[in-house]
Each structure stands twice: as C-alpha cells, then as structure tokens.
Amino acid sequence: SQTVLKHGAGSCPVGRVPAGEIEAAVIDQLRAVFRQPEIVAGTWKAARAHADDITEADARAALQQLDPLWDELFPAEQARIVALLVERVDIASDGLNVRMRVDGLSGLAREMQTSGIEAAA
C-alpha cells in the first residue's frame, strides 16, 4: 500500500493484505472479464479503432479461449497478460477495484487471433 509506505501502518484503514490474495482476486476478475459479453463488445470496438479487420466474433473467440487456457499458461505468460490488461488495482475497505486497459484487451485479442496464445502454454 502506498499509504502505508508513505505514512505508516496505522494510516491505512485496510491495513496489510497478502499479495497472494490480491493476485488471486485480480486473476478471478480477469477470468470473469473474458466471459462477459459487454467486455467482448467493448474490446471489439476498441480493437476496430486500431485495425478494422477484427470482427466482433474474432474478439469474442480470442477472449473466450483464454479462460479455459489460463491454467495451462506458463507463469511468465500469465504475468505478461496481467500486465497487458491491468492498469491499476485499488484496495478499499469495501472491496477491490481493478482498472483495465482497453487497449490491452484489444491488443490481446489481436495477438491471439494472429499467433495463438497456445504456443505459450
């Protein structure tokens, strides 16, 4: 926590949270994103701004194949994907807020469409 680092342990209402718990929660959020139709539609719209040859079906197929494949990926590839997709994680006493990179979602969809992420597994 930046607050704890800057102002001491008593200054943050959340306190310390183990990194493993945060990482697991972020991964759960990402995997849920891969299955949400509105995220797929948003990804397609963002990808279309960079390359109009990606169809909504391409974006949907790329993101939907990532969820079942996730556990088969090397940890380094998982970390790369998380870094590509997650802009910021904020923890509050009422929950976790994961801010996504829309350009990362569209980039990942394009990457999976062209090269296939299976090679990283």
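# Salt bridges and a surface patch

Biologist: How many salt bridges are there in this structure?

Modeller: The count comes to six salt bridges, where a salt bridge is a side-chain nitrogen of Lys or Arg within 4 Å of a carboxyl oxygen of Asp or Glu. Please keep in mind that this is a predicted model, in which local features need pLDDT of at least 70 and side-chain atom pairs count only at pLDDT 80 or more, while totals for chains, interfaces and linings use all residues. Residues are numbered from 1 along each chain as its sequence is written, and side-chain values use heavy atoms, with hydrogens and water left out.

Biologist: Okay, which residue does D67 form a salt bridge with?

Modeller: D67 pairs with R31, and their closest N and O atoms are 2.8 Å apart. D67 lies in helix α4 (residues 56-69) and R31 in helix α2, so the pair ties together parts that are 36 residues apart in sequence; helices here are DSSP runs of H or I with at least four residues, numbered from the N terminus.

Biologist: And is R31 buried or exposed?

Modeller: R31 counts as buried because its relative accessibility is 18%, and D67 is buried too, with a relative accessible area of 11%. Buried means under 20% relative accessible area, exposed means over 50%, and partly exposed is in between, using a 1.4 Å probe and protein chains only.

Biologist: What about D71, which side chain does it meet?

Modeller: The side chain of D71 meets that of R31 in a salt bridge, at 3.3 Å from N to O. Since D71 lies in the loop between α4 and α5 (75-85) while R31 is in helix α2, this pair ties together parts that are 40 residues apart in sequence. D71 itself counts as exposed, at 56% relative accessibility.

Biologist: Changing topic, what does R88 meet in a salt bridge?

Modeller: R88 meets D90, with 2.7 Å from N to O. Salt bridges that share partners join E87, R88, D90 and R99 into one network.

Biologist: Which residues form the nonpolar patch on the surface?

Modeller: V17, V89, I91 and L96 form that patch, with about 250 Å² of accessible area together. Patches are made of residues with over 30% relative accessible area and no salt bridge, like charges being joined within 9 Å and nonpolar side chains (Val, Leu, Ile, Met, Phe, Trp, Tyr) within 5 Å. Accessible areas come from the Shrake-Rupley method with a 1.4 Å probe, and for residues only the protein chains shown count as cover.

Note on methods. Helix = DSSP H or I, 4+ residues; strand = E, 2+ residues; numbered from the N terminus.
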